Every structure is written in C-alpha cells, then in structure tokens.
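Biologist: I am new to this one. Show me the structure, and then let me ask how you know what you say.

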Amino acid sequence: NNLNNQDDWKFFEEAFNNADREFLKKIKSIHETLTKNDLKLCAYLRLNLSSKDIAPLLNISLRSVEIKRYRLRKKMKLTHNEGLTEYILSI
C-alpha cells in the first residue's frame with residue numbers, strides 16, 4: 001500500500017514503533033537534521049527492505065530511492081566503508 005498520506009504514515013509509524021520501540025526517536029536524536037521523508041526511508045531500511053522494495057512504497061523510481069539513500073548517507077556523515085543499512089540496523 002502507498003504510505004504517502006499523512007494518516008497512513010501516522011498509522012505506519014505507530015505500528016513500526018510498537019514493533020521496534022524508540023527507533024525513530026533514537027535516530028532522530030542522533031541525526032537531528034533528518035526530515036520526515038528521511039525517517040520514512042530509515043524505517044524501511046530498518047525493515048531490511050531493498051531499494052527495489054522501497055520504490056513502490058514511496059511511489060518513486062528505483063533511481064530516486066538510490067539518490068535518497070546517497071543523500072541520507074551524506075546527512076549521516078557515513079564513510080564509504082560504512083553500509084547505510086548495516087548502520088541503521090545497528091542503532
């Protein structure tokens with residue numbers, strides 16, 4: 001299902017927090033500059049979804065997901081040796 005709607009995101013956020021308590025709060029406190037869209041991507045990565053799986057959920061192309069991942073890595077100041085998904089799973 002498409003989670004672009006504000007109410008859908010609230011529902012997803014609640015369900016996600018029930019499954020993985022405090023993750024979104026924790027990542028937001030570590031990286032204060034993250035936007036709501038960045039947090040959505042982090043949540044999907046936390047669920048260990050691939051870019052191919054994330055694209056239809058965000059209603060964007062695969063290339064757009066890759067660009068979002070790249071920008072998220074930059075915001076989090078990750079080195080080339082650090083994997084984004086591995087980093088998020090470690091939080």
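Modeller: Start with Thr85. Setting aside neighbours within four places in sequence, Thr85 is in contact (heavy atoms within 4.5 Å) with Leu45, Asn48 and Arg69. This is a predicted model: local features need pLDDT of at least 70, side-chain atom pairs count only at pLDDT 80 or more, and totals for chains, interfaces and linings use all residues. Residues are numbered from 1 along each chain as its sequence is written, and side-chain values use heavy atoms, with hydrogens and water left out.

Biologist: Why is Thr85 called buried?

Modeller: Buried means under 20% relative accessible area (exposed is over 50%, partly exposed in between; 1.4 Å probe, protein chains only). Thr85 has 11%, so Thr85 is buried. Thr85 sits in helix α6 (residues 84–90).

Biologist: What makes α2 and α3 oblique to each other?

Modeller: Their axes cross at roughly 125 degrees and come within 11 Å. Angles under 35 degrees count as roughly parallel, over 145 as roughly antiparallel, 65 to 115 as roughly perpendicular and the rest as oblique. The angle of roughly 125 degrees falls in the rest, so α2 and α3 are oblique.

Biologist: Which residues make that contact?

Modeller: Phe23, Leu24, Ile27 and Lys28 of α2 meet Leu39, Cys42, Ala43 and Arg46 of α3.

Biologist: Which residues of helix α4 are buried, and what covers them?

Modeller: In α4 (residues 51–58), Ser51, Ile54, Ala55, Leu57 and Leu58 are buried. Their cover includes α3 and α5 (62–76).

Note on methods. Axes fitted to C-alpha atoms, helices over the stretch in contact; angles between N-to-C directions. Helix = DSSP H or I, 4+ residues; strand = E, 2+ residues; numbered from the N terminus.
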